[in-house]
Amino acid sequence: MNIISTPLARLALGMTLLFPISAQAQDASTILATVGDEEITLGHLIAVADSLPAQFQQMDDDQLFSGLLEQLVRQAAIAQSLGDTLPTGLELSLESQRWALMANTVISGAIEAAVTEDAVQSAYDAQFASVEPEQEFNASHILVATEEEALDLIAELDGGADFAELAQARSTGPSGPNGGSLGWFGKGMMVAPFEAAVLALEPEGISPPVQTQFGWHVVRLNDTRDSAAPDLAEVRGTIEERLSEAAASEVVESLVGAVEVTRSETEIDPALIRDTSLLD
């Protein structure tokens, strides 16, 4: 139950608040409040604050401190109403959560140790340092049904017509409304006759009619460039994610493989996983 945003009303449940606290000798064991016979420490607040979603991390320190303390006080007071004997389902849930928290701590530590600046740089160099630049092309085309239509278009272009305007008016391809622009592409991305026509052109050149399975094309090569390896900043997120996944997988496989696991051979109906009456 998250009650950070609720009014900070005091509960008369045997609670003793011990703050404000002297700035001297404050550490994780510093007691902030007692609820019955249980102590709430500064360490409790730090641990909870560290696990909060990002929007709570932006809260003012005074507001966050008071809100979290009040939340823990209320939770402790309400929890004490269960007494010393907890329901079976709750005991099992707490045990499972404890396993999960401990496992996440180990995995997070492994990831933190693995995803260093040196590791990121090494992974980047291994992937991109030896990459050779490849030529890329920026082209436009006008697609029509017949060779005669393509020849007529070329004649109009030779006479000074604007390629983009002709594409918008006459092209039957999906790029027509964009002036026939195909953007940037590399070798192997276009069908062979079209690519051959592009490779034969100089920038701003117009091809003779080119036939493909889609129809007849008039192609204009707008520009060429050599592709470059991305900057580290562009791919840092991807590299860090890959390193994180590798570190997590390694530590899981290593630690699970290091312990003896015996699985019961008792046949269990999987549907029983939904039968909460077994916890009564």
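Predicted model: local features only at pLDDT ≥ 70, side-chain atom pairs only at ≥ 80, totals over all residues.
Author: Residues are numbered from 1 along each chain as its sequence is written, and side-chain values use heavy atoms, with hydrogens and water left out.

Reader: What makes Arg-225 and Glu-136 a salt bridge?

Author: The term asks for a side-chain nitrogen of Lys or Arg within 4 Å of a carboxyl oxygen of Asp or Glu. For Arg-225 and Glu-136 the closest N and O atoms are 2.8 Å apart, so the pair qualifies. Arg-225 sits in strand β7 (residues 215-226) and Glu-136 in strand β4 (residues 135-144), so the bridge ties together parts 89 residues apart in sequence. Strands here are DSSP runs of E, at least two residues, and helices are runs of H or I, at least four, both numbered from the N terminus.

Reader: Why is Arg-225 called partly exposed?

Author: Buried means under 20% relative accessible area, exposed means over 50%, and partly exposed is in between (1.4 Å probe, protein chains only). Arg-225 has 39%, so it lands in the middle class.

Reader: And what makes Ala-113 exposed?

Author: Ala-113 has a relative accessible area of 58%, so it clears the cut-off for exposed. Ala-113 lies in helix α4 (residues 88-114).

Reader: How do you know that Arg-236 and Glu-240 pair up?

Author: Their closest N and O atoms are 3.5 Å apart, so they pass the salt-bridge limit. Both lie in helix α9, four residues apart, about one turn of the helix. Salt bridges with shared partners join Glu-117, Arg-236 and Glu-240 into one network.

Reader: Which side chain does Arg-170 meet in a salt bridge?

Author: Arg-170 meets Glu-156, at 3.0 Å from N to O. Arg-170 is in helix α7 (residues 163-170) and Glu-156 in helix α6 (residues 147-158), so parts 14 residues apart in sequence are tied together. Arg-170 is partly exposed at 34%, and Glu-156 is partly exposed at 31%.

Reader: How does the chain's radius of gyration sit against that of a compact globule?

Author: The radius is taken over C-alpha atoms, and the globule rule is 2.2 Å times the number of residues to the power 0.38. A compact globule of 280 residues would come out near 19 Å, but this chain has 34 Å. Its C-alpha atoms fill a box of roughly 95 × 55 × 40 Å along the principal axes.
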